[in-house]
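User: I would like to learn how to read the features of a protein model, one step at a time. Could you guide me through this one?

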Amino acid sequence: MFSIFDQRKEDLKNRTEAFRNAIHNEYKIDFLYANTRRIAGSRYGECDRCKKDVKACMDHFETSFKYILESFCSTHNITIGEINIIWEDKTVVIEDLAVRNKWMEYHDKLVKYRILCQPCNRLSSTRSLRKILP
């Protein structure tokens with residue numbers, strides 16, 4: 001079982017997750033609250049694809065998270081594997097606050113969010129993977 005575990009893949013996954021965690025900020029929350037309503041502790045809104053009133057998921061629209069991250073790293077000459085991460089309150093974060101803030105600013109300038117239902121969000125993710133995978 002231990003031979004199956006690949007530490008490099010796990011490190012990359014954790015560093016990518018740290019970048020994802022950094023963008024759970026006011027910009028994203030403001031979009032969610034402006035485009036959904038609260039019902040019994042959950043957020044509901046109209047799905048951008050199927051137009052049903054549903055429990056909301058947020059999705060990057062037109063420009064994927066992966067593309068924005070790759071563009072950020074290229075623009076700032078950063079290698080994800082060299083980014084130091086730490087665990088804070090059971091969440092992995094980028095250790096360097098300057099890099100974290102630069103990333104959030106860069107991401108928020110490029111991102112467009114949309115509200116999707118879970119089935120449409122899965123469909124959207126599957127289509128994105130087909131563009132990446134051979």
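This is a predicted model: local features need pLDDT of at least 70, side-chain atom pairs count only at pLDDT 80 or more; totals for chains, interfaces and linings use all residues.

User: Which secondary structure elements does the protein have, and in what order do they run?

Analyst: The general idea is to count the elements and then to follow them along the chain. Here the protein has five helices and seven strands, and from the N terminus on they run α-α-β-β-β-β-α-β-β-α-β-α.

User: How much of the protein is buried, and what share of the contacts joins residues 24 or more positions apart?

Analyst: Of the 134 residues, 35% count as buried. Among the contacts with a separation of 6 or more, 69% are between residues 24 or more positions apart. The accessible surface comes to about 9,500 Å², and carbon and sulfur atoms hold 52% of that surface.

User: How are helices α1 and α3 placed against each other?

Analyst: One looks at the angle between the two axes, where 65 to 115 degrees counts as roughly perpendicular. The axes of α1 (residues 7-22) and α3 (residues 65-75) come within 12 Å and cross at roughly 100°, and the two helices are therefore roughly perpendicular to each other.

User: Which residues meet where α1 and α3 are in contact?

Analyst: Thr-16, Phe-19 and Arg-20 in α1 meet Phe-65, Leu-69 and Phe-72 in α3. The residues of this contact divide into four nonpolar, one polar and one charged.

User: Where are Asn-77 and Asp-89, and are they buried or exposed?

Analyst: Here one reads the backbone angle together with the accessibility. Asn-77 has a positive phi of about 50° although it is not a glycine, and its place is in the loop between α3 and β5 (85-88). Asn-77 is exposed, with a relative accessible area of 74%. Asp-89, likewise not a glycine, has a positive phi of about 50° and lies in the loop between β5 and β6 (91-94). At 76% relative accessibility, Asp-89 also counts as exposed.

Key. Residues are numbered from 1 along each chain as its sequence is written. Side-chain values use heavy atoms; hydrogens and water are left out. Helices (H or I, at least four residues) and strands (E, at least two) are DSSP runs, numbered from the N terminus. Buried means under 20% relative accessible area, exposed over 50%, partly exposed in between (1.4 Å probe, protein chains only). Contact means heavy atoms within 4.5 Å. Accessible areas come from the Shrake-Rupley method with a 1.4 Å probe; for residues, only the protein chains shown count as cover. Axes are lines fitted to C-alpha atoms, for helices over the stretch in contact, and angles run from 0 to 180 degrees between N-to-C directions. Angles under 35 degrees count as roughly parallel, over 145 as roughly antiparallel, 65 to 115 as roughly perpendicular and the rest as oblique. Ala, Val, Leu, Ile, Met, Phe, Trp, Tyr, Cys and Pro count as nonpolar, Asp, Glu, Lys and Arg as charged, and the others, Gly among them, as polar.
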